Amino acid sequence: MSDNPERFQAQVVTDTVWISAEEICRSTSLSVTTLSELVDLGVLHPRGARPEGWELPISVLPALKTAARLMADLEVNVSGVAVAMELLESRRELERRVALLERLLDDLTHR
Amino acid sequence: MEFRDYYAVLGVGRTATQDEIKKAYRRAARRYHPDVSKEANAEEKFKEVQEAYEVLKDPEKRAAYDQLGSEWRSGEQFRPPPNWGRDFEFRGGAGDSGRGFSDFFSSLFGGGSPFGDVGGGGAAYAARDHHARIDIELEDAFRGGTRTIELRRPRATADGHVAVDTHTLKVGIPAGVLDGQHIRLAGQGEPAQRSGPAGDLFLEVHIRPHRLFQLEGRDVSLTLPVAPWEAALGAQLQVPTLGGPVDMRIPPGSQAGQKLRLRARGLPGQPPGDQLVILKVVLPAADTPQAKALYEQMRRDLAFDPRSHLK
């Protein structure tokens, strides 16, 4: 282990911690225009009046990074990536529920 | 280093048109993209596909690659020919040696080669996030704190094996973090690629069980042992909380299992959690003549039937 590692302050990933659109763009490589289109499509719900003053919950960051990679790697447009984001979130939610139900079933059968 | 047959990776013939190569890339990228794919080794496969497309989509690189000849097979030992790329015109600025591509790619098209990234070209690209787990004490979640963690990162070596690098980080834990929540360390994931940002490191927080307190969301609970007379007659007791001991009034007539609430003494937040104090009446042992006499006196003088409701 290094003797004196650099200290990094962590942020809690939750719907109640907000970060600026500027930081979102910096972290994801998405443009403000793309962010605005995702807002128009109803995928994002920022607070603040104008794009330069927008803030978004930090919890959307992982999904936006995925969106940025899908756009770059698969040449998906903003409408397409909006659909992909919703479907991926639905899949994650279903996987969480399946895992929970499997645990419950496992408990019941081994009781 | 090992030769890579980029045509085989994309599943196209050497005579494929640029349009066929693009279609083959899209098909393979959709199948193996790590953000959507459930295939085993999707990330590794996707990198191979990206690397192949990086070369074959670019007529200059493709022509240079084709000049190596069609006799090579993937996995064969390979060394770049002398004066590699000498007879080609090239634009530069399209190389992409920093995206985790193979040594084969780097030696032919990466930095230092005639095709290298002299102009830093390519669109900015968000590098991948990394995920790990961090175990913290309840006190860290209450006050915030610093923990040093050691993470092991697998890495492909030049000879195709896997090595593990150890990465030490000192993490500032935000006060009020909950069990199961994720915390983000900006820029500590996959290193930056092209001109894009580095990925983030997301740590899933696990709060270790505590000697005194149980945690439920932001609320903490403590089982407080009390003497029968403290429960019956009431008392002013000192109770431990995460923020230090506080005085608490036990109302007269309290029973075992009764819950008392200390507002805002749980984990910080908006709103902060509470501390629940669960009373546990502990009986003194009847192990001296005097103690026995007191119990006898209670049996005689108190009209008390704890099972009256069962009748």
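This is a predicted model: local features need pLDDT of at least 70, side-chain atom pairs count only at pLDDT 80 or more; totals for chains, interfaces and linings use all residues.
Local features required pLDDT of at least 70 and side-chain atom pairs counted only at pLDDT 80 or more, whereas totals for chains, interfaces and linings use all residues. Residues are numbered from 1 along each chain as its sequence is written, chains are lettered from A in the order in which they are written, and side-chain values use heavy atoms, with hydrogens and water left out.

In chain A, 32 residues are in contact with 42 residues of chain B (heavy atoms within 4.5 Å). The buried area, taken as the accessible area (1.4 Å probe) that the two parts lose on being put together, summed over both, is about 3000 Å². Carbon and sulfur atoms give 53% of this area.

Nineteen residue pairs, both at pLDDT 80 or more, are in polar contact across the interface (a pair of N or O atoms within 3.5 Å; within protein, one must be able to donate a hydrogen and the other to accept it, and residues adjacent in sequence count only if both atoms are side-chain atoms). The side of chain A that touches chain B comprises 13 nonpolar, nine polar and 10 charged residues (Ala, Val, Leu, Ile, Met, Phe, Trp, Tyr, Cys and Pro count as nonpolar, Asp, Glu, Lys and Arg as charged, and the others, Gly among them, as polar).

Six salt bridges were found between chain A and chain B (a side-chain nitrogen of Lys or Arg within 4 Å of a carboxyl oxygen of Asp or Glu). One of them joins Lys65(A) to Asp200(B), with the closest N and O atoms 2.6 Å apart.
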